[in-house]
Amino acid sequence: MFDPPKKNDIQSPKNDEEGEMDFELTNRQKQIRLAAREFAEGEFPGVAREYDRREEFPRDIWKKACELGFIGLFIKKEYGGLGLGFLEFAMVMEEFWRVDPGCGNILLTTFGSELIQLYGTEEQKKKYLPPLTKGKAIMGTAITEPDAGSDILSILTLAKRDGDSYVLSGSKQFITNGSIANYLAVFCLAHPEATSRLKRFGVLMVETDRPGFSAIKITGKMGIRASDTAEIRFNDVRVPRENLIGMREGEGFSQIMQLFNINRVIAASQGIGVAQGALDKAVSYVKKRKQFGQLLATFQATQFKIAEMATWVEAARNLCYQAGWMLDHGKVDPKLISIAKYLAGEVGVKVANDALQLHGGYGYIADYDIERFYRDAKIVEIYEGTKEIEKNTIARELLGRM
Ligand SMILES: Cc1cc2nc3c(=O)[nH]c(=O)nc-3n(C[C@H](O)[C@H](O)[C@H](O)COP(=O)(O)OP(=O)(O)OC[C@H]3O[C@@H](n4cnc5c(N)ncnc54)[C@H](O)[C@@H]3O)c2cc1C
């Protein structure tokens, strides 16, 4: 589809040599964005409403996206991906969500592979990464539990060591791809005996065909209904020790924190995508709809609203791209990432709400896509850390632990 850029393409030589900033995307990045836009505009519009209504994962579109290289594009070439960065991943996610958030979440079928690529052993990378990009497997990451949401240190899922295996028991809640995944990265208490609380955790790769594993699909979600979500149960699931990511005891918590750093940038791009898509719809609508003998677009109140929406989207996009660029250059900044994700979540909800308002009563009816965008937008304020948790992170960096 497109050649991956060399890392140096992203950074203008001026950056290093003269210390100047450069906000221009590379030609390769523009090409990737365009390819993503064309794919989403070609594949999603005719079917998005139906997948949403049926709460069904769009398997055929996912397959096509795999064939074109969109799925797992950040995975290194030797493991089947394109070797692109997280900034490019965010840009593709934004374009997909701009056309339809539910279908756009086919990009989350690699959720957790970032961990394998960062911390996995060579055997784990070879085993779990290539099937994801080839359309042969789907994965997810299971952290949340019924009694441990924001407070992830309180999880109870136990991986009890038994010889060369772990025996997993417990349950997980709201797991993306939970009922369609071939394997899940499961955050669990792998070393409950460790004296340091932060060292008690591990991330285990669990194949979903192991005896004792079960998943119950959650229906009736408000939005992103084409994205699969499930409740998971582990009833003494035996998993070999070699499935522990990185084969290193006590590293699970720091591994999951790094996954959050990456996926909060990606969640921010979802907020921007849904906001941009809502803005596009509003612009198109107010240029057609007449009241009081004139187009809605000619009222100054409408013009101001459109200008405000565009301002929020652009501000959120710049923060997200900056956070993604920094990740790709090894400069991980959790405060900036939380700022980007918090703002993008609010912008998605606000702009979708404003866009629906501009549609009047028609916006309230499912025949108009803005009704679905309004429902879809909310999730960005909830998953990958609620907006309150993002604010906790930002405040902690500024005030220290209180
Ligand atoms: C569609 C969907 C997909 C999801 N996908 C996944 C997935 O793939 N994997 C996974 O592990 N999880 C997933 N989740 C779970 C999601 O990450 C959690 O719902 C989220 O972290 C919040 O946890 P909770 O729902 O238990 O809410 P709670 O933690 O109970 O929070 C309830 C409210 O209290 C607030 N709150 C909590 N603690 C504080 C505090 N210290 N200060 C201020 N306010 C606070 C929260 O911000 C929130 O407003 C998904 C959820 C949904 C809805």
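Let me begin with a definition: helices are DSSP runs of H or I with at least four residues, numbered from the N terminus. Please also bear in mind that this is a predicted model.

With that term in place, consider helix α6, which spans residues 86-99. Here Arg 98 forms a salt bridge with Glu 95, and the closest N and O atoms are 3.9 Å apart. How far apart are Arg 98 and Glu 95 in helix α6? They are separated by about one helical turn, because they stand three residues apart in that helix. Is Arg 98 buried or exposed? Arg 98 counts as buried, at 19% relative accessibility; the cut-off for buried is under 20%. Glu 95 is buried as well, with a relative accessible area of 1%.

I turn now to a pair that links separate parts of the chain. The side chains of Arg 372 and Asp 100 meet in a salt bridge, at 2.8 Å from N to O. Arg 372 belongs to helix α13, whereas Asp 100 sits in the loop between α6 and α7, so this pair ties together parts that are 272 residues apart in sequence. Both of these residues are buried.

A further salt bridge joins the side chains of Lys 172 and Glu 145, with 2.9 Å from N to O. Lys 172 lies in strand β3 and Glu 145 in the loop between β1 and β2, so the parts tied together here are 27 residues apart in sequence. Lys 172 and Glu 145 are both buried. Salt bridges with shared partners also join Asp 52, Glu 55, Arg 225, Glu 371 and Arg 375 into one network. How many salt bridges does a search of the whole structure find? It finds 34.

Next, strand β1, residues 139-142. Met 139 and Thr 141 point one way from this strand, Gly 140 and Ala 142 point the other way, and all are buried. Strand β1 pairs with strand β4 in the parallel sense over four bridges, and Thr 141 stands opposite Ala 185 in β4.

Finally, the surface. Arg 59, Lys 63, Lys 134 and Lys 136 form a positive patch there. Arg 59, found in helix α5, is partly exposed, with a relative accessible area of 41%. A nonpolar surface patch consists of Tyr 362, Tyr 364, Ile 365 and Tyr 368, with about 450 Å² of accessible area together. Tyr 362 is found in the loop between α12 and α13 and is partly exposed, at 40% relative accessible area.

Terms used
Residues are numbered from 1 along each chain as its sequence is written. This is a predicted model: local features need pLDDT of at least 70, side-chain atom pairs count only at pLDDT 80 or more; totals for chains, interfaces and linings use all residues. Side-chain values use heavy atoms; hydrogens and water are left out. Patches are made of residues with over 30% relative accessible area and no salt bridge: like charges are joined within 9 Å, nonpolar side chains (Val, Leu, Ile, Met, Phe, Trp, Tyr) within 5 Å. Accessible areas come from the Shrake-Rupley method with a 1.4 Å probe; for residues, only the protein chains shown count as cover. A salt bridge is a side-chain nitrogen of Lys or Arg within 4 Å of a carboxyl oxygen of Asp or Glu. Lys and Arg count as positive and Asp and Glu as negative; His and the chain ends are not counted. The place of a charge is taken as NZ of Lys, CZ of Arg, CG of Asp or CD of Glu. Helices (H or I, at least four residues) and strands (E, at least two) are DSSP runs, numbered from the N terminus. Buried means under 20% relative accessible area, exposed over 50%, partly exposed in between (1.4 Å probe, protein chains only). Two strands pair if DSSP finds at least two bridges between them.
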